[in-house]
Number of protein chains: 2
Amino acid sequence: MATRSAMSWTDDGDEPNDDPGGEAAPTRSGDSSRRLIEAAIEAFADRGFHATTTRDIATRVGLSPAALYVHFPSKQALLAEISVVGHEAALDLVERSAATQTGSVDRLRAVIRDFTAWHAERYRVARVVHHEIAALADTDQSRVLDVRRKIEGVVEAQLSAGNASGEMDVPDTRAVARALLSLSVDVARWYDPRGSRTAAQIGDLYADLATRMVSARPPAPPEGERT
Amino acid sequence: MATRSAMSWTDDGDEPNDDPGGEAAPTRSGDSSRRLIEAAIEAFADRGFHATTTRDIATRVGLSPAALYVHFPSKQALLAEISVVGHEAALDLVERSAATQTGSVDRLRAVIRDFTAWHAERYRVARVVHHEIAALADTDQSRVLDVRRKIEGVVEAQLSAGNASGEMDVPDTRAVARALLSLSVDVARWYDPRGSRTAAQIGDLYADLATRMVSARPPAPPEGERT
DNA sequence: GTCTATATTCTGATAGAC
DNA sequence: GTCTATCAGAATATAGAC
């Protein structure tokens with residue numbers, strides 16, 4: 001399970017008014033599972049998994065508390081769906097980004113830019129994905145930790161390649177890979193869509209910061225050279 | 001309230017066996033408030049505020065569920081105590097670190113190193129402090145957000161000073177200050193004391209990364225200069 | 001300050017009609 | 001698939017004895 005709907009709700013979820021009828025009735029039928037997931041993401045992200053009640057989620061969608069259990073066997077299963085699909089979407093994104101470039105520096109830049117922008121754009125999903133792991137069942141925890149290791153692997157591979165080519169100078173590739181991803185991930189914690197910087201801008205900035213962090217530097221310029 | 005005990009439980013909390021008697025009886029008297037706070041930090045950090053029960057906290061200390069309410073008016077008040085004191089400890093740390101150095105680069109290095117190491121060493125407090133803000137009452141939220149702004153101000157001041165002196169090249173001091181602190185803060189989310197790197201090592205690494213992120217660079221060396 | 005109850009409310013989940 | 005009604009357990013917090 002969980003992978004069945006793959007990226008179905010991943011692409012977008014901020015504009016639920018894709019109603020062809022145009023009426024936007026509060027209790028439209030459509031795909032209830034999808035709407036429940038979107039409501040759960042919002043609630044989990046804002047208040048946390050344990051502070052959110054199943055009643056709350058169902059009510060947001062205009063359903064009775066019992067209706068949720070037709071679509072998901074438990075509140076925890078709902079979280080698992082969100083968390084597993086969210087992780088897989090992030091991994092997919094990272095692999096696609098890396099594939100668009102060839103050099104290790106450009107690859108790292110693309111990965112950090114897109115991974116960061118995703119954590120801003122989809123900050124609610126990202127928050128749930130990163131802050132509610134402890135609430136998952138052990139088996140689901142293992143699955144998402146596995147995905148995380150793969151994401152870290154993609155980044156660390158670029159650092160190792162960059163070291164080898166001489167374009168980078170990273171003494172501890174494991175720790176720096178984790179730091180780079182940590183930096184991007186934490187955007188979801190503080191990002192506010194009403195803020196002055198767009199998700200894309202933050203992605204670009206972080207790609208620059210990442211480049212600075214890992215780039216090999218010339219021997220060391222003599223002091224006081226700048227205007 | 002909250003400030004009354006200031007840094008009383010902040011300094012250390014990982015070794016409760018400071019029993020002069022040596023017996024380490026599970027239900028020693030001592031300061032129950034302090035022991036409740038330490039138990040709450042552990043529980044909140046591991047499972048989250050809402051997933052933790054007052055019974056759980058009291059039981060860990062060897063008290064009955066009702067005993068907690070002699071020392072704290074509510075579960076939320078316990079969280080507020082932890083959160084406010086934790087924030088103030090972090091601000092105090094940052095200000096002390098900055099004061100140990102004079103140049104903006106050295107100041108930034110010291111601040112990032114100590115702030116990061118603190119988030120690793122005291123990762124449980126840090127987790128509660130950063131991930132349970134939504135569970136605080138509005139008035140307490142304002143207080144901690146105020147402290148956060150002060151911390152960000154200290155860092156941003158170094159970036160502005162560094163720009164002015166020419167030692168740094170930071171286009172967006174606000175965004176970069178937030179990124180630097182975000183990087184340090186997120187250590188608390190993933191840090192595991194059983195890991196291979198010590199808190200001090202991570203602090204040093206992050207100070208290096210921070211320096212790389214903000215340092216002014218020589219004009220741009222001609223391509224392909226390295227061996 | 002600590003205990004043993006217990007009040008009160010809420011929550012996840014189920015039963016069974018439509 | 002959705003509803004109404006409800007169960008069973010759990011959680012925060014209080015009352016009152018010691």
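1. A residue is taken to be near a molecule or strand if one of its heavy atoms lies within 4 Å of it. The model is predicted, so that local features need pLDDT of at least 70 and side-chain atom pairs count only at pLDDT 80 or more, whereas totals for chains, interfaces and linings use all residues. Residues are numbered from 1 along each chain as its sequence is written, chains are lettered from A and ligands numbered from 1 in the order in which they are written, and side-chain values use heavy atoms, with hydrogens and water left out.

2. On the DNA side, 58% of the atoms of DNA strand D within 4 Å of the protein belong to sugar or phosphate, and the rest belong to bases. By class, the surface near DNA strand D has 6 nonpolar, 8 polar and 3 charged residues; here Ala, Val, Leu, Ile, Met, Phe, Trp, Tyr, Cys and Pro count as nonpolar, Asp, Glu, Lys and Arg as charged, and the others, Gly among them, as polar.

3. Both protein chains approach phosphate oxygens of DNA strand D. In chain A, an N or O atom in the side chain of Ser32(A) is 2.9 Å from such an oxygen, while in chain B a backbone N or O atom lies 3.3 Å away for Thr52(B) and 3.0 Å away for Thr54(B). The elements that give two or more residues to this surface are α3 (68–71) of chain A and α2 (54–61) of chain B, helices being DSSP runs (H or I, at least four residues) numbered from the N terminus.

4. Between the two protein chains, the contact (heavy atoms within 4.5 Å) takes 35 residues from chain A and 35 residues from chain B. The area buried there, that is, the accessible area (1.4 Å probe) lost on putting the two parts together, summed over both, is about 3,300 Å², and carbon and sulfur atoms give 56% of it. Arg212(A), Met213(A) and Arg217(A) supply 22% of the area that chain A buries against chain B, more than any other three residues.

5. Chains A and B are joined by 4 salt bridges, each a side-chain nitrogen of Lys or Arg within 4 Å of a carboxyl oxygen of Asp or Glu. One salt bridge brings together the side chains of Arg197(B) and Asp172(A) at 2.8 Å, N to O. The largest share of the side of chain A that touches chain B, 8 residues, comes from α8(A), and by class this side has 16 nonpolar, 6 polar and 13 charged residues.

Notes
A polar contact is a pair of N or O atoms within 3.5 Å; within protein, one must be able to donate a hydrogen and the other to accept it, and residues adjacent in sequence count only if both atoms are side-chain atoms.
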